Amino acid sequence: MIQKLFKKIKEYNTIIIHRHTRPDLDALGSQRGLALAIKETYPKKNIYMVGDMSSRYAFLGEMDEIEDSIYQDALVIICDVAVQALVSDTRYTLAKEVFVIDHHKNPSDITDHVICDPTKVACAELITEMLLEEKFKLSKEAATALFGGIVTDSGRFQYGETTGKTLAIAGKLLDLGADKEFIYKNLYTESLKDRQLKNWFAARFETTKHGVAYLKNGAEIFDQFDVDFFTVSRGMVGVMAGIKEIPIWCNFTYDSANNKVVGEFRSRELSIVHIAKKYGGGGHDLACGATVESFEEADLVIQDFDRLLMESC
């Protein structure tokens with residue numbers, strides 16, 4: 001399938017890169033790194049990046065605004081997601097052909113043209129490996145975007161899916177000029193206001209009998225603080241990490257746009273992705289999520305995590 005994709009990249013004059021909604025840096029880094037690499041290798045092709053943007057990662061660059069008509073004879077490549085419900089910008093359905101590149105454990109309901117490797121800690125790792133094998137040009141900007149995706153999805157190379165090959169690929173990106181200082185400065189230097197916000201959330205999480213930590217963030221959070229959804233949902237799950245007595249932690253946030261509750265789940269050692277899948281979600285063994293109908297259903301998820309810890313003792 002990889003060879004088929006690169007054959008199509010060579011054939012098409014217009015290529016549009018999508019990824020999942022409410023993007024993290026792996027989604028954005030994969031999207032931008034791939035788009036830039038194609039453009040640098042084939043300068044005459046029309047390459048576009050589309051989708052919603054998070055102010056958290058705006059430093060990486062802007063998206064393109066394109067007309068529906070551009071999709072008519074285009075190839076679409078969707079990065080870091082394999083399910084229709086999570087793709088940002090549904091116009092990918094207008095394209096002539098669609099490919100998916102992903103590293104999650106969810107089967108695709110988008111297309112049969114899927115390249116997926118769940119052993120990769122980041123979609124950016126998989127894309128970098130493919131681009132290097134196909135001898136695509138990688139500029140400093142492309143290498144920086146891909147490096148950022150690997151850094152974040154690996155938890156700065158701490159997560160269990162990180163391998164020696166992950167480090168080797170990251171090293172090759174650094175050799176190509178990836179600006180690690182630019183990535184680290186934008187990711188890990190925060191304002192006093194942001195640090196105080198994290199401290200506020202860190203002081204209010206609760207725990208279950210067997211050590212599941214959880215936050216439940218209702219609509220009032222967004223009235224109390226001037227923050228976007230991503231800052232609370234993905235941004236605050238980490239305030240419960242790194243605590244000896246807490247092997248599993250989760251963050252549930254009300255999504256007013258869809259009238260649902262979005263859950264972010266993390267684990268230090270035990271695989272929890274099967275619980276995420278039980279509630280219609282998915283992801284990685286130790287980092288996954290699911291969207292549920294209510295905070296009452298979120299309580300059921302928490303109970304399942306607590307039961308898992310009890311049974312593992």
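1. Buried here means under 20% relative accessible area, exposed means over 50%, and partly exposed lies in between (1.4 Å probe, protein chains only). Strands (E, at least two residues) and helices (H or I, at least four) are DSSP runs, numbered from the N terminus. Strand 3 spans residues 75-79; 5 of the 5 are buried, so the strand is largely enclosed by the rest of the structure.

2. A word on the basis of these points. This is a predicted model, in which local features need pLDDT of at least 70 and side-chain atom pairs count only at pLDDT 80 or more, while totals for chains, interfaces and linings use all residues. Numbering runs from 1 along each chain as its sequence is written, and side-chain values use heavy atoms, with hydrogens and water left out.

3. Two strands pair if DSSP finds at least two bridges between them. Strand 1 (residues 14-19) pairs with strand 3 in the parallel sense, over 5 bridges. Cys 79 of strand 3 is the bridge partner of Arg 19. Strand 3 also pairs with strand 4 (residues 97-102), again parallel and over 5 bridges. Here Ile 78 has Val 100 of strand 4 as its bridge partner.

4. Strand 4 then pairs in the parallel sense with strand 5 (residues 114-116), over 3 bridges. Ile 101 stands opposite Ile 115 of strand 5.

5. Gly 263 has Ala 290 of strand 11 as its bridge partner.

6. Asn 251 belongs to strand 8 (residues 248-255). Its relative accessible area is 0%, so Asn 251 is buried. A polar atom of the Asn 251 side chain lies 2.8 Å from the backbone oxygen of Val 232.

7. Helix 3 (residues 123-133) has 9 of its 11 residues buried, so it is largely enclosed by the rest of the structure. The buried residues include Cys 123, Leu 126, Ile 127, Met 130 and Leu 131. Glu 125 and Glu 129 are also among them. Lys 135 follows helix 3 and has a positive phi, near 60°.

8. Two loop residues are worth checking for backbone geometry. Arg 22 is not a glycine, yet has a positive phi of about 45°. Arg 22 sits in the loop between strand 1 and helix 2 (25-41). With a relative accessible area of 29%, Arg 22 is partly exposed. Asp 89 is likewise not a glycine and has a positive phi of about 80°. Asp 89 is in the loop between strand 3 and strand 4. Its relative accessibility is 23%, so Asp 89 counts as partly exposed.

9. Thr 163 lies in the loop between helix 4 (140-153) and helix 5 (164-175). Thr 163 is partly exposed, at 34% relative accessible area. Thr 119 is 44 residues away from Thr 163 in sequence, but their C-alpha atoms are 8.9 Å apart in space.10. The count comes to 1 cavity of 30 Å³ or more. A cavity is a set of points, on a 1 Å grid over the protein atoms alone, where a 1.4 Å probe fits but cannot get out; lining residues have an atom within 4 Å of a point. Grid points are joined across faces, edges and corners, and the volume is the space filled by probe spheres set on the points. The largest cavity holds about 30 Å³. Its lining is Leu 28, Gln 31, Arg 32, Met 53, Leu 60, Gly 61 and Met 63. By class, that lining has 4 nonpolar, 2 polar and 1 charged residues.

Technical notes:
Polar contact = N/O pair within 3.5 Å; in protein donor to acceptor, adjacent residues only side chain to side chain. 1 Å grid on protein atoms, 1.4 Å probe; cavity = no way out; pocket = protein on both sides within 12 Å on 5 of 7 lines; lining within 4 Å. Nonpolar A, V, L, I, M, F, W, Y, C, P; charged D, E, K, R; others polar.
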